[in-house]
Amino acid sequence: RLKELIKNQGDGTPADTKAEMLLRLSDLYFEEGRMLYLQEMALNLEAQEKCFNTPGCKVEDVKPDNVASRTWQDKSIKLYRQILQFYPQFGRADEATFYLGQALSDTGQADAANTELTRLVKVYPDSRYVPDAYILIGEYYFDNKGEAFKALSASQKAAAYKEHEKWAFAMYKLAWCFYNVGDYGKGIDTMKAVVSYAPSDTAQSKSNIQLQDEALKDLVRFFADAGDMDEAVAYFTKLGK
């Protein structure tokens, strides 16, 4: 229906209306690609498990077939780029920029994704997508580049948004950044904040439980590498863990 509406637009259609329809269509493409990608990865996991239990089968040779999801993801990337190119004054251009970055990241185009996300935080500093963008920028430098201090800088900016729904996750990433630059004390304090965080939202509380468990496990390593065994014993004893 959206494709038909876009096709039949007249010359008098406002630019924002055109951009809005393109954004909705690109979002639908993005969602379709995400859904198919998850299905493909689930099938690949089943294939790997089957291979693991089959004599002579090499698990490392079992690769996912992402052709179907990639087709939709590429469509969404193309449309996001069109919106930003032809409608730069569009009121939701920041949203298009963020989802473009996320789509590029999903398709393994890490450098291009980081370029878009970096542009987002510079051009649209008041956007509601800025905290999420900083998280992804931090992960880019942490996972893809091994640049600990750049990852630390981005994670600190993400963690500054204390009311954001992903604040605890941003703090978790920040703790690992402190650890990687050798600041064990700040890493421990930051990871403790993740453990003690109690979101008011029920949905957030459920997802936060797993993050807290991960933080507790990681704290064992943090304390050990820092040599603070007495503090570790006291901390875990107080928690009853």
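The model is predicted, so local features are reported only at pLDDT of at least 70 and side-chain atom pairs only at pLDDT 80 or more, whereas totals for chains, interfaces and linings use all residues. Residues are numbered from 1 along each chain as its sequence is written, and side-chain values rest on heavy atoms, with hydrogens and water left out.

The protein chain has 11 helices and 0 strands, where helices (H or I, at least four residues) and strands (E, at least two) are DSSP runs numbered from the N terminus. Its C-alpha atoms fill a box of roughly 75 × 55 × 35 Å, taken along the principal axes. Of the 241 residues, 40% count as buried; buried means under 20% relative accessible area, exposed over 50%, and partly exposed in between, with a 1.4 Å probe and protein chains only. Among contacts (heavy atoms within 4.5 Å) between residues at least 6 apart in sequence, 55% join residues at least 24 apart.

The structure holds 11 salt bridges, each defined as a side-chain nitrogen of Lys or Arg within 4 Å of a carboxyl oxygen of Asp or Glu. One of them joins E20 to R24, with the closest N and O atoms 3.4 Å apart; being 4 residues apart in helix 2, these two are separated by about one helical turn. E20 is buried, with a relative accessible area of 19%, and also forms a salt bridge with R92, where the closest N and O atoms are 2.3 Å apart. This second pair links distant parts of the chain, since R92 lies in the loop between helix 3 (67-86) and helix 4 while E20 lies in helix 2, 72 residues apart. R92, partly exposed at 29% relative accessibility, meets E95 in a further salt bridge of 2.9 Å, N to O, and E95 counts as buried at 8%.

A search of the whole structure finds 14 aromatic pairs, counted when the ring centres of Phe, Tyr or Trp (its six-membered ring) lie within 6.5 Å, with planes under 30 degrees apart called stacked, over 60 edge-to-face and the rest tilted. The rings of F30 and Y99 have their centres 5.5 Å apart and their planes at 65°, so this pair is edge-to-face. F30 is buried at 7% relative accessibility, whereas Y99 is partly exposed at 21%. Y99 also pairs edge-to-face with F98, at 5.3 Å centre to centre and 75° between the planes, and F98 is buried at 4%. F30, F98, Y99 and Y129 form one aromatic cluster.

A last stop in helix 2 (residues 15-52) is E40, which is buried yet has no salt bridge, the nearest side chain of opposite charge, R70, being 9.8 Å away; here Lys and Arg count as positive and Asp and Glu as negative, while His and the chain ends are not counted. The side chain of E40 does make a polar contact with the side chain of S69, at 2.6 Å. Such a contact is a pair of N or O atoms within 3.5 Å; within protein, one must be able to donate a hydrogen and the other to accept it, and residues adjacent in sequence count only if both atoms are side-chain atoms.
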